[in-house]
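Welcome to this short tour. Please open your viewer, and let's pick selections one stop at a time.

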Amino acid sequence: MVIKGIDVSEWQGNLTKNNWLKVKNSGIQFAILRCGYTTYGKSKKKYVDRYFENNYKICKEIGLPIGVYYYSCATNETEAKEEANFVLSLIKNKKFEYPVVIDTEDNHNINKSTNSPVSQASIGKYKLTPLIKTFCEIIESKGYYVSIYASTYWFKNNLILEDLKLYDKWIAQWSKTVSVSYKYGMWQYSSQGTVNGLSGNIDLDYAYLDYPGIMKKNGLNGFEKKPPYRNLCAAASFKSYCVFKVYSSLLSSASGASAAAAASAASMAASCSAVGSASASEVSICSVWASSSWSVRASTITLSFSPRRITRTPEP
């Protein structure tokens, strides 16, 4: 799965509905919008992107899936928490089909008198990584799906990847190919693209996950939450739940069920599949659970809900 997208900010100007329609009609399938940023001046002020609200409104009107990113300059825990809460205030009551992203790349000149005397690069990976993690934890605690944006160089030299393995990566490497040892969900492959409807150089991206499906299925990023039964299986779907219930009812009612009972359950599962209640793979999942031990209670194989357990980023 390769999905074409772009990321934009106020640097692309005040885009109209006609601009965005041209973007969509050119084959762009998603956009990551900047919602705000922290400056690296001594005051380190936080600002809303000038055209975030306008871009959000128009993208929703024309049905273009979107995500959102925030340019971070946090260099201590207090600032990381403030940035996270600022982002939450900006995205409240909005819906995003793509992740909420923290953009970490602050490497400003700390020797310039008007700049902050400390940058994310200058504090080193052992101090920066916990701050990125703090931001991610706060955002995800409110029901959003987080990703981390950085260059491949930055991921290698300024962050401890092992400590951030739960979170999706949006990597920046402006080249024809990319080779890294870790998994990533999006790749910014150019900063000099051209897109119909937009002027100047545009950041071009690929996504490798069905992010809209993930958000809607799991009730993330402002979408309505599904009923608790999604916790019952890693597939996290109502279809697999229907089949699972067929088996769990037998598991709960009798230990060492007969071959006839097993055949009956398999028949019911097949019927569910035939009418579209479950896919073949979901029937298979439930079959494995049931056939492994008829004496196992359904409660022993119930999984806790976590977006990170439901979906792992595949290799592109």
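Start by selecting helix 7, residues 211-218, where the buried residues are Tyr211, Pro212, Ile214, Met215 and Asn218. Buried here means under 20% relative accessible area with a 1.4 Å probe, counting protein chains only. Look down the axis of helix 7: its buried residues fall within an arc of 165°, so they line one face of the helix. That arc is taken from the directions from the helix axis to the C-beta atoms.

A note on the model: it is predicted, with local features needing pLDDT of at least 70 and side-chain atom pairs pLDDT 80 or more, while totals for chains, interfaces and linings use all residues. Numbering runs from 1 along each chain as its sequence is written, and side-chain values use heavy atoms, without hydrogens or water.

Next, select Asp210, which caps the N-terminal end of helix 7, with a side-chain oxygen 3.1 Å from the backbone nitrogen of Gly213.

Now zoom out to the whole chain, with its eleven helices and nine strands. Helices are DSSP runs of H or I with at least four residues, strands are E runs of at least two, and both are numbered from the N terminus. Of the 316 residues in the chain, 50% are buried.

Note on methods: Polar contact = N/O pair within 3.5 Å; in protein donor to acceptor, adjacent residues only side chain to side chain.
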